[in-house]
Amino acid sequence: MFQDFDVASDPALGPPRVKALRQLMGQLGVHAVLVPRADEHQGEYVPANAERLAWLTGFTGSAGFAIIGLKTAALITDGRYTLQARVQVDSSTFEILDSTTPEWIAWVGRQMSSGQIVGFDPKLHAAQSIAALTADFAKHGLKLKALTKNPIDTIWGALRPKPAAGAVIVQPEALAGLSAADKIARVQQSLKIDRHDAVVLTLPDSIAWLLNIRGSDVAHNPVALAYAIVPLRGKVELFIAPEKINAEVKKHLGTVAKIAAPDTLSARLTELKANDGARVRVDPATASHWVVSKLGKAAQHGVDPCILPKARKTSAELDATRAAHIRDGVAVVRFLSWLDANAVDGHIDEITAAQKLEQCRSATNALKDISFDTISGSGPNGAIVHYRVNRETNRTLKSGELFLIDSGGQYQDGTTDITRTVAIGTPSREMADRFTLVLKGHIALAMARFPVGTRGVQLDTLARMALWQAGLDFDHGTGHGVGSYLSVHEGPQSISKRGMAALETGMIVSNEPGFYKEGAYGIRIENLLVVTPPQKVNGGDREMLGFETITLAPIDQRLIAVGLLDVSERGWLDQYHARVYKTLAPSMTGADKQWLHAATRPLVD
């Protein structure tokens, strides 16, 4: 099994660890220390030896950081994790603050005195983030100090996990759609246009995409931890532990890259800096303060040149991910059929459900990993947006409650991410009404047509409008980008209140509005969408982009208040369900096929 259900944190461990950190502050010459949820590569997901924030605070969410002062401390995160943070951290030690408002900066200013110093590990913070914090803290007379050694690592000591050393594999060109040589040539062309001598890549998924390789250094993310330098001419320099590279991968990389040990990167950056007049591109949003500082005046700020082309999937990648979604859809349907037959008796719990779904995916014989820890939330646990069940929080699925399951698979031909909310027994009228409002937002986004250049922030309202009209909302983005056998969360595209990137043909983005009633239930409906090419529609004179829904699984009709849907919404759902049945039924047999037929029937009043 790819997911374990051990208790991941203990709030009681936080206070003594914070005390130990405070005892080091005098030696470090600081009055506070920043502890981010990040590693040296600034990815959303990190290996076990980089889980410093979780080790110190108990908080296991994928976004947040802590600031530990001499007398006070705070965990700063966003609305997705507020409920989770309250459970996982010691409230007598940490205040929980909202990272999306400037109030946390003001809180730091109130806790510290002018002239005091905040220490940070320069390898764990993006250069852009440190620049912003420097300006914000300066308003309160505070200064930042880059530390030469991470104090958490000192306290963690020998118990800290060893660095990841997963094997690298080749991602076939037939699935990638472009050779590594072609991709490198395009990056080098962008360097030529911008008059840059090289670019330093720090994001593992950018490097994996560029070189058509995958790895296993980070749980559920098929990436290898590495750095790369792409010169204006010649081979890419790949800084990676050599033991990760076997003969096949070495042969694949031989014509396009030369391999160097990670501990030689520092000297290489210094060499680039020493070249008189050198112009080396580095992305301040993703490269660490350490990398940018090493380059000095040679650093030229610019966007990682792999991010956008990686997001624009090739036709080969799209064909492959459609195949992966059909395979995944069959697995999900088999799970939902099993759930319907067994859950109402009260013998199924959250862990059993998550394990069964993983077993259904494993039965495809194509599953490489799950794409993230399955969110399996029954009743009130479903209201915790990124809930991770463990053996202490595990609940039985009970009649009259809702069950939210958000999951995905990693297949070599594609990455999936799907959420379904299921009624266990008979739902209440309130549950059905709220579910239908969420469904209306989901359908509105799925049906959207929009001009070239439209940004995600402009579409986000579509998914929220029905909820807003009822005085309701949800505190997470509506949609995130998804990789091609890469990270389940990928940029630059998103559909959210902060989604400033334009949506482009071939991008994959999730459609996942929700509603959460604390202490009672959670609702989320998630499909993945592909942005379709611009075309004229309905007799209009302007070409419009649109969406193709690639996720295939029934939406629970027992939770739909049919009277709240208009004709077009009903039409969309019936057509979607007809497509689900037509596509998946040939791979189904017996009771599973019968269940699918019933679950995809046309809506009735």
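Which residues does S484 touch, not counting residues up to four places away in sequence? In this predicted model, the residues that S484 touches are R214, K313, E317 and T415.

## The loop between β21 and β22

S484 belongs to the loop that connects β21 (479-481) with β22 (490-495). With a relative accessibility of 8%, S484 counts as buried, because buried means under 20% relative accessible area.

Y485 is placed in this loop between β21 and β22 as well. The relative accessible area of Y485 is 6%, so Y485 is buried. The backbone at Y485 has a positive phi of about 45°, although Y485 is not a glycine. Most residues other than glycine have a negative phi, and most peptide bonds are trans. Strand β22 contains P492, and the peptide bond leading from G491 to P492 is cis, with omega near 10°.

## The loop between α8 and β8

R195 is found in the loop between α8 and β8. Its phi is near 60°, a positive value in a residue other than glycine. Is R195 buried or exposed? R195 counts as exposed, since its relative accessibility is 70% and the cut-off for exposed is over 50%.

H196 also has its place between α8 (180-194) and β8 (198-201). H196, however, is buried, with a relative accessible area of 7%. Leaving out residues up to four places away in sequence, H196 touches L191, L232, R279, R281 and Q300. With one of these, R281, the side chain of H196 makes a polar contact of 3.2 Å. By contrast, T374 lies 178 residues from H196 along the chain, and the C-alpha atoms of H196 and T374 are separated by 43 Å.

## An open sheet and its helices

Strands of a sheet pair through backbone hydrogen bonds, either parallel or antiparallel. In this model, an open sheet is formed by 6 strands in the order β4-β3-β2-β1-β5-β6, with mixed pairing. At the edges are β4 (95-98) and β6 (143-146), each of which pairs on one side only. From one strand to the next, the twist averages 25°.

How many bridges join strand β3 to β4? There are 4 bridges between β3 (residues 73-77) and β4, and these strands run parallel. Within this part of the sheet, T77 stands opposite D98 in β4.

Helices lie across the strands. Helix α1 (residues 14-28) lies across β1 (32-36), β2 (65-69), β3 and β6, and runs at about 65° to β2. Helix α5 (residues 127-138) lies across β1, β2, β5 (117-120) and β6, and runs at about 145° to β6.

## Nonpolar cores

The largest nonpolar core has 65 residues. Which of them touch the most other members? They are F335, L339, F403, L439, I560 and L596. Helix α14 (residues 315-342) gives the most to this core, namely 8 residues. Setting aside its neighbours within four places in sequence, L339 is in contact with L397, F403 and V422.

Another core lies apart from the largest one and has 35 residues, including A180, L210, V218 and A257.

## Helix α9

Why is helix α9 described as largely enclosed by the rest of the structure? Of the 8 residues in α9 (residues 204-211), 8 are buried, and the helix is therefore largely enclosed. These buried residues are P204, D205, S206, I207, A208, W209, L210 and L211. Just after α9 comes N212, which takes a positive phi of about 55°.

## The packing of α14 against α15

Two packed helices are described by the angle between their axes and the distance between the axes. For α14 and helix α15 (residues 350-362), the axes come within 8 Å and cross at roughly 140°. The crossing in which α14 passes α15 is right-handed.

On the α14 side, the contact is made by D328, A331, V332, R334, F335 and W338. On the α15 side, the contributing residues are T352, A353, K356, L357, C360 and R361. An α-helix has 3.6 residues a turn, so residues three or four places apart point the same way.

Note on methods: Residues numbered from 1 in each chain as written. Predicted model: local features only at pLDDT ≥ 70, side-chain atom pairs only at ≥ 80, totals over all residues. Heavy atoms only, no water. Core = buried A, V, L, I, M, F, W, Y, C linked by side-chain atoms within 4.5 Å. Buried < 20%, exposed > 50% of the residue type's maximum accessible area, 1.4 Å probe, protein only. Helix = DSSP H or I, 4+ residues; strand = E, 2+ residues; numbered from the N terminus. Contact = heavy atoms within 4.5 Å. Polar contact = N/O pair within 3.5 Å; in protein donor to acceptor, adjacent residues only side chain to side chain. Pairing = 2+ DSSP bridges. Axes fitted to C-alpha atoms, helices over the stretch in contact; angles between N-to-C directions. Left-handed = near helix turned anticlockwise from the far one by under 90°.
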